[in-house]
Amino acid sequence: MAKHTVLSSGAKLWRSLACAKSELRLDLTLACGQSFRWRETAEGHWTGVIGGRVWTLTQTDDTLWYHIYQSLDRQGETSGRKKGAGVSLQLENKSDNRFKEAVKKEEEEPVAVTPVHQDTKEEEEMLRDYFQLNVKLGDLYKEWGAADHHFKHIADIFTGIRMLRQDPTECLFSFICTSNNHITRIQGMVERLCQSLGAPLCQLDQTSYHNFPSLSALADTSVEARLRDLGFGYRARFLQQSAKQILDTHGIQWLEGLRSAPYLQARDALRTLPGVGTKVADCVCLMSLDKAEAVPIDTHVWQIAKRDYNYGSGNGQKTITDKLHRDIGDFFRKLWGPYAGWAQSVLFCADLKKFQNLKEMLRMKGPKKEENDEEELTVAGKKRKIKKEKIDTVKNIKAKAGHHKKAKKSA
């Protein structure tokens, strides 16, 4: 049986590209609630699906390493895939019968895998696009830190958090699952969604990997009942109805077409779909539609705004209205600039419970700084006291001298 590979098994099985950890940290970027399909399969090794391929990623201080697994019966198909084509679009071109046969085949017999050895530019470009490595994150951190002291304090520890550029179909339907949910449960739901409706890719260490379902698979009339049986609850209806509405009203390429639309137009278009509110629409805009200015606002981000930025302190508002969503978003856009959504993700990540060990490092730095500040104030106070005593002494000497002169004249 094929296994998840690790870098220590031999670098010849891996390819690499130069990338400092200050520009990308896999452990923070892949686990902060942007995508729900990456798993740490060995220490520092993350396995997931990009563009219909299964990848394992790891990194050293200045290098991003990647290994790609490929199904034996799909080698010919994937080698001829057009550059940059969306996964959902490719799957739409397959007939439903072929899709169902593939799922059935995977359930009966896992697909064999083999590593890809040839050095191709296509996969490297896919990886660069997925992590948006053309964006110089270090420069953005400096800009945000210069504008925002609180961000600068957080960024000293939480470096390398980037926004992913995900497939719009995967991003949209994953975030429909986030309603009244937490990251661990969302991951389980998305995994069940892929296993139930997605085409199989390969099996590694008894873990089966699937593509994200196509729009036609999600829109099928039987989907709602199947997903309710899998524990999706009311979200099952939203998933099926949104997929059907996109296909019936807009067509297969509509979601990717929103990448070229202005931010507010794209967000409002997404909000017409069942189960898509302002927050989900903003997440999709930011994480798959190239809208870096989108700032998703939920109760978590609202608490950050109130606690760390004294936003709306004491106004007593208890729910997030459209106006509040817009106002908080505008507040952060004014503070951080055109990549405000990226900056917000750093603070969001820093506030997650799973990263509290890193947060503790901030707390340890905080008191030390306060002690230093207190020490500086104490030294400054002592200097002022000494200076004042010297001035008082000089004044007393002058006063005594003056009094002595007056006494002489009187005599």
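Trainee: How many aromatic pairs does a search of the whole structure find?

Mentor: The model is a predicted one, and the search finds 15 aromatic pairs in the whole structure. One of them joins Y141 and F151, with 5.4 Å centre to centre and 70° between the planes.

Trainee: What makes the pair of Y141 and F151 edge-to-face?

Mentor: Ring centres must lie within 6.5 Å and the planes must be over 60 degrees apart. At 5.4 Å and 70°, Y141 and F151 form an edge-to-face pair. Y141 lies in helix α6 and F151 in helix α7, so the pair ties together parts that are ten residues apart in sequence.

Trainee: Why does Y141 count as buried?

Mentor: Buried means under 20% relative accessible area. Y141 has 12% relative accessibility and therefore counts as buried. F151, at 0%, is buried too.

Trainee: Why is the pair of Y309 and W336 called edge-to-face?

Mentor: The centres of Y309 and W336 are 6.3 Å apart and the planes stand at 85°, so this pair is edge-to-face. Y309 belongs to helix α16 and W336 to helix α17, 27 residues apart. Both Y309 and W336 are buried. Ring pairs also link them with Y311, F331 and F332 into a cluster.

Terms used: Residues are numbered from 1 along each chain as its sequence is written. This is a predicted model: local features need pLDDT of at least 70, side-chain atom pairs count only at pLDDT 80 or more; totals for chains, interfaces and linings use all residues. Side-chain values use heavy atoms; hydrogens and water are left out. Rings of Phe, Tyr and Trp (its six-membered ring) pair if their centres lie within 6.5 Å; planes under 30 degrees apart count as stacked, over 60 as edge-to-face and the rest as tilted. Helices (H or I, at least four residues) and strands (E, at least two) are DSSP runs, numbered from the N terminus. Buried means under 20% relative accessible area, exposed over 50%, partly exposed in between (1.4 Å probe, protein chains only).
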